[in-house]
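Let's take a walk through this fold, one piece at a time. Have the structure open and follow along.

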Amino acid sequence: MNPEQLAVEGVRKLTPYQPGKPIAELEREMGIPNIVKLASNENPLGPSPKALEAIRSGLGTLRLYPDAGGFELKSALAGKLGVEPAQITLGNGSNDVLELAARAFLSVASSAIFSQHAFAVYPIVTQAVGASACVAKAHDGSGGPRHGHDLDAMLELINTRTRLIFIANPNNPTGTYLKRGDLAGFLRKVPEHALVVIDEAYFEYVSEPDYPNALEWLDDFPNLIVTRTFSKAYGLAGLRVGYAVSSLGIADLLNRVRQPFNVNSLGLAAAAAALSDDDYLQRTVALNSEGLVMLAEAMVKRGLAYVPSVGNFIAIDVGRSALPVYDALLREGVIVRPIANYGLPNHLRVTVGAVRENRVFLAALDRVLGL
Ligand SMILES: *Cc1c(COP(=O)(O)O)cnc(C)c1O
């Protein structure tokens with residue numbers, strides 16, 4: 001019996017998501033200490049002290065199932081974001097809500113649109129349900145930032161079968177972003193049978209004045225879904241908490257396919273506490289801005305090209321196949337991310353770390369590239 005033949009077609013063709021290499025794995029393989037991981041866009045500050053306190057207080061109730069409705073976290077989010085709690089769908093990371101959207105709205109008869117170089121989860125959730133993927137070419141540098149989403153190219157791919165359009169703003173792994181006017185103009189042109197998912201996983205990091213907050217468009221566009229996460233700026237990647245905000249109707253549909261206890265109780269408590277720690281978020285954003293400048297300047301000094309980023313990571317063009325450079329960096333005890341699977345074979349994506357981590361990375365890069 002070959003289970004491969006029994007699997008549904010979408011799953012048969014699927015390649016699993018390739019995560020950043022865990023620190024413990026490299027330790028096992030190489031037996032080296034003090035590894036620096038700049039591979040998964042994690043927050044170098046660690047979680048907010050308020051989140052850690054909430055986790056400690058939550059330990060006593062672990063025998064109980066979590067609140068399936070996520071009342072406390074949804075109330076906190078609703079208050080902060082100015083939406084109704086019933087517009088929020090909580091997920092086991094925002095990955096989970098992206099998958100819920102695919103399960104609720106895609107089938108073998110429909111298709112999803114996303115851009116070249118877009119976040120890897122979009123093709124995975126699309127394929128897993130057997131839907132077709134329509135991939136729009138990214139900007140080549142003329143009509144918008146090079147490697148960034150080309151909204152006109154995405155519009156051209158819309159047809160009667162289109163049910164979901166995934167847009168990461170800013171995008172991972174490029175760090176490029178779409179401006180308010182451009183994205184609003186795009187939304188006005190999308191027909192109502194196509195839902196637009198605006199993935200704002202890095203929202204908190206972006207301070208550009210023309211960067212839009214897509215939540216402001218929810219009242220105007222009933223086909224809009226905005227997703228955010230506690231994994232990045234809130235430093236809680238290990239607990240898996242993300243969410244979608246949408247119309248009540250869409251939230252109701254997402255909720256029908258959601259596992260009842262998809263977010264664990266420590267995650268719910270920590271996320272609600274983290275939300276109230278403005279000081280932590282400010283320190284996070286300040287450290288990141290400083291680190292982005294540090295890494296960008298270091299690339300200029302070394303004559304290496306990079307994609308200008310507004311996220312907490314930067315895609316660097318090492319001017320040759322990046323995989324051997326990635327491997328050599330591993331041997332130096334530095335984990336970054338090769339992104340050939342995103343169509344960028346000469347780039348490495350490097351998370352902005354603490355100042356010391358950025359320095360360790362730069363020194364290792366110099367040794368590896370012989371600079
Ligand atoms: C990291 C990331 C996510 C989600 O991560 P979760 O940990 O599942 O919340 C979603 N979208 C993009 C573009 C990301 O980079």
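Start with the open sheet, where four antiparallel strands line up as β9-β10-β13-β12. Strands here are DSSP runs of E with at least two residues, helices are runs of H or I with at least four, and both are numbered from the N terminus; two strands pair if DSSP finds at least two bridges between them. β9 (305-307) and β12 (337-339) sit at the edges with a single partner strand each, so one side of each has no neighbour in the sheet. From one strand to the next, the twist averages 35 degrees.

Before going on, keep in mind that this is a predicted model: local features need pLDDT of at least 70, side-chain atom pairs count only at pLDDT 80 or more, and totals for chains, interfaces and linings use all residues. Residues are numbered from 1 along each chain as its sequence is written, and side-chain values use heavy atoms, with hydrogens and water left out.

Back in the sheet, β10 (residues 313-317) and β13 (residues 344-351) pair in the antiparallel sense over five bridges. One place to look is I316, whose bridge partner in β13 is L348.

Now for the helices. Helix α13 (residues 322-331) lies across β12 and β13, running at about 35 degrees to β13. Axes are lines fitted to C-alpha atoms, for helices over the stretch in contact, and angles run from 0 to 180 degrees between N-to-C directions.

How does α13 cross α14? Their axes come within 10 Å and cross at roughly 120 degrees. That makes α13 oblique to α14 (under 35 degrees is roughly parallel, over 145 roughly antiparallel, 65 to 115 roughly perpendicular, and the rest oblique). V325, A328 and L329 of α13 make the contact with F361, A364, L365, V368 and L369 of α14, where contact means heavy atoms within 4.5 Å. These contact residues divide into eight nonpolar, no polar and no charged (Ala, Val, Leu, Ile, Met, Phe, Trp, Tyr, Cys and Pro count as nonpolar, Asp, Glu, Lys and Arg as charged, and the others, Gly among them, as polar).

α14 (residues 355-369) also meets α12 (residues 278-302): these axes come within 10 Å and cross at roughly 15 degrees. The two helices are therefore roughly parallel to each other.
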